[in-house]
Every structure is written in C-alpha cells, then in structure tokens.
Amino acid sequence: MLAPVPRPPGSLAARCSRALLAPRSRLSLLVLLLLTAASLVVLYEPQRLLASGWPPRAGGAGAVLLFALAYGVCTAAFVPRPVLNLAAGALFGSAAGLTGAVAGTVLGAGISFTLGRYLGQDALRPLLRGRLLTAADGQLSRHGFRSMLAIRLFPGVPFAAANYCAAVSRMKYVPFLLATGVGTVPNTAAYVVAGAQAGSPGSPAFLFSAGFIVLSGLCAAVVAWRKRHGLRSPAPVRDATPEPEPVAGAR
C-alpha cells in the first residue's frame with residue numbers, strides 16, 4: 001500500500017497569507033474601513049463633540065494637541081474640514097486654532113495616504129486607463145510637490161479624494177505632507193479666523209475671512225464650470241485628406 005505524500009508544513013497558512021495580502025483583499029479591507037468610518041461619522045457626529053470643547057478638562061497646549069489628533073482622525077473619516085476649522089477658531093482663537101487645524105490636517109492626510117498606499121495602490125494602479133487618468137497620474141508622480149500644492153490651494157478639490165488619488169500615484173510622503181501643510185494654510189486660516197470672530201460678525205477680521213471664503217468658493221465654481229465645459233466641447237476635427245503629390249515633369 002502506497003503511503004500518502006506528505007504536504008509541506010505550513011502550506012495552508014501560506015495560502016491564506018497570500019490570499020489575505022492579495023491586492024484585491026487589501027482593497028476590500030480599505031473599502032470596509034472607509035464605509036465603517038463614514039457610518040460612524042453619520043451616527044455619532046464627532047464634529048459636534050469637538051465643537052463643544054472636548055475633552056472638557058484639558059487646557060492650553062495639551063488641549064490643542066488633543067484637538068489636532070482628533071481632527072486628524074475625523075478628517076480621515078470624512079468629517080468636513082470647514083466645520084472642524086470653525087470649531088478650532090471658536091475654541092482656541094486664531095493663532096492656536098490655526099496651529100491645531102493645520103497639524104490635524106497634515107495628520108489626517110497622512111493617515112489617508114498611508115491607507116491608500118498600502119491597501120489600495122496595487123489593486124488600483126492597473127485600472128489607470130484613459131488619457132485623463134494617465135495624465136493625472138503622471139503629473140502627481142513626476143511633479144508631486146507642485147501638483148499637490150496647487151490642489152491644496154484650490155478649494156474645490158475634495159480633501160479625501162486628493163489624498164487617495166495621491167496615494168495611488170507614485171508620489172513620495174515628504175512632498176505630499178509638505179505641500180499639504182503649506183497649501184492648506186490660506187483656506188484653513190480663513191475658517192479659523194471666522195470661527196474665532198463669530199461673536200463679532202461686524203469686525204474687519206470676520207468680514208475679511210468671510211469674503212475670502214466666498215471669493216475662493218466662487219473662483220472654484222468658475223474654474224470647475226470651465227473645465228467641465230471644456231471636456232464637453234468636441235475637439236476640432238482636422239482635415240486628414242492628403243495633399244496631391246506633384247506630377248513628375250510638371251512645371
């Protein structure tokens with residue numbers, strides 16, 4: 001009677017490990033994490049907790065640090081940044097509020113970038129087909145800091161979408177985080193100052209920050225409309241009829 005061929009030890013564990021680490025499995029985990037985070041935001045509304053001055057016993061620099069940590073987690077979970085920026089100004093004033101909001105913005109961008117890079121890049125990069133997607137990927141990969149700085153300065157680009165698009169590209173960590181920290185300062189400062197001066201809506205600081213927010217929103221809408229109109233407009237068709245060649249010997 002023939003003896004059964006022994007299987008190599010750990011083969012089942014190795015197959016399970018390869019299946020769990022496969023690109024599609026990691027992408028499924030990323031989608032599950034994002035759906036869970038969005039559901040928790042809808043159910044518990046953490047932005048209200050932060051706006052009320054959580055945690056209540058903290059004060060000074062410790063409170064700003066805790067707020068920045070919570071801000072980063074909330075932005076990674078799709079909490080709108082304008083709400084958090086207004087809360088930062090109302091709780092800590094203009095200077096400390098801006099510091100906490102920018103630090104939380106960089107932290108939240110780093111969390112999203114890390115999740116997208118390690119859980120979604122391998123599965124999504126093969127899907128980058130088409131002229132627009134290829135051009136966007138090349139721009140982010142080759143000119144990371146400049147491209148991300150322009151995206152952060154433009155208020156019409158969703159924060160989370162920019163994070164995950166950058167993660168799928170070949171952009172490096174340092175240019176991404178540096179451009180995020182620098183590029184989000186103007187828009188963040190406008191909301192923080194508006195939140196800090198909400199008690200005196202007639203003050204010059206509040207009026208200037210509110211005007212900046214409205215003006216930047218209008219500029220974003222105009223640029224988005226022009227881009228959309230340009231994509232809808234058909235490209236001019238060139239006449240592909242070849243010119244007749246001269247007859248040999250003709251003068």
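Reader: Let's start with helix packing: which residues of H8 meet H9?

Author: Happy to. On the H8 side they are Met148, Ile151 and Arg152, and they meet Phe159, Ala162, Asn163 and Ala166 in H9. By class, this contact of H8 with H9 has five nonpolar residues, one polar and one charged. Please keep in mind that the model is predicted.

Reader: How do the axes of H8 and H9 cross?

Author: The general idea is to compare the angle with set limits: over 145 degrees counts as roughly antiparallel, and 65 to 115 as roughly perpendicular. Here the axes of H8 (144-153) and H9 (159-168) come within 11 Å and cross at roughly 170°. That angle makes H8 roughly antiparallel to H9.

Reader: Now for H2 and H5: at what angle do they pack?

Author: Helix H2, residues 23-44, packs against H5 at about 150°, and the axes are 8 Å apart. H2 is therefore roughly antiparallel to H5. From H2, Pro23, Arg26, Leu27, Leu29, Leu30 and Leu33 take part, and from H5, Leu115, Gly116, Tyr118 and Leu119. Sorted by class, the contact of H2 with H5 has eight nonpolar, one polar and one charged residues.

Reader: And what about H5 and H11: how do their axes cross?

Author: The axes of H5 (residues 81-119) and H11 (residues 185-196) come within 7 Å and cross at roughly 85°. So H5 is roughly perpendicular to H11. Among the H5 residues in this contact are Arg81, Pro82, Gly89, Gly93 and Gly97, while H11 brings residues including Val185, Thr188, Tyr191 and Ala196. By class, the contact of H5 with H11 has 13 nonpolar, seven polar and one charged residues.

Reader: Let's turn to rings. How many aromatic pairs does the structure hold?

Author: There are four aromatic pairs. To read one, look at the angle between the ring planes: under 30 degrees counts as stacked. Phe113 and Phe176 are a stacked pair, 4.4 Å centre to centre with 25° between the planes. Because Phe113 lies in H5 and Phe176 in H10 (residues 173-183), the pair ties together parts that are 63 residues apart in sequence.

Methods:
Residues numbered from 1 in each chain as written. Predicted model: local features only at pLDDT ≥ 70, side-chain atom pairs only at ≥ 80, totals over all residues. Heavy atoms only, no water. Axes fitted to C-alpha atoms, helices over the stretch in contact; angles between N-to-C directions. Helix = DSSP H or I, 4+ residues; strand = E, 2+ residues; numbered from the N terminus. Parallel < 35°, antiparallel > 145°, perpendicular 65-115°, else oblique. Contact = heavy atoms within 4.5 Å. Nonpolar A, V, L, I, M, F, W, Y, C, P; charged D, E, K, R; others polar. Phe/Tyr/Trp six-rings, centres within 6.5 Å; stacked < 30°, edge-to-face > 60°.
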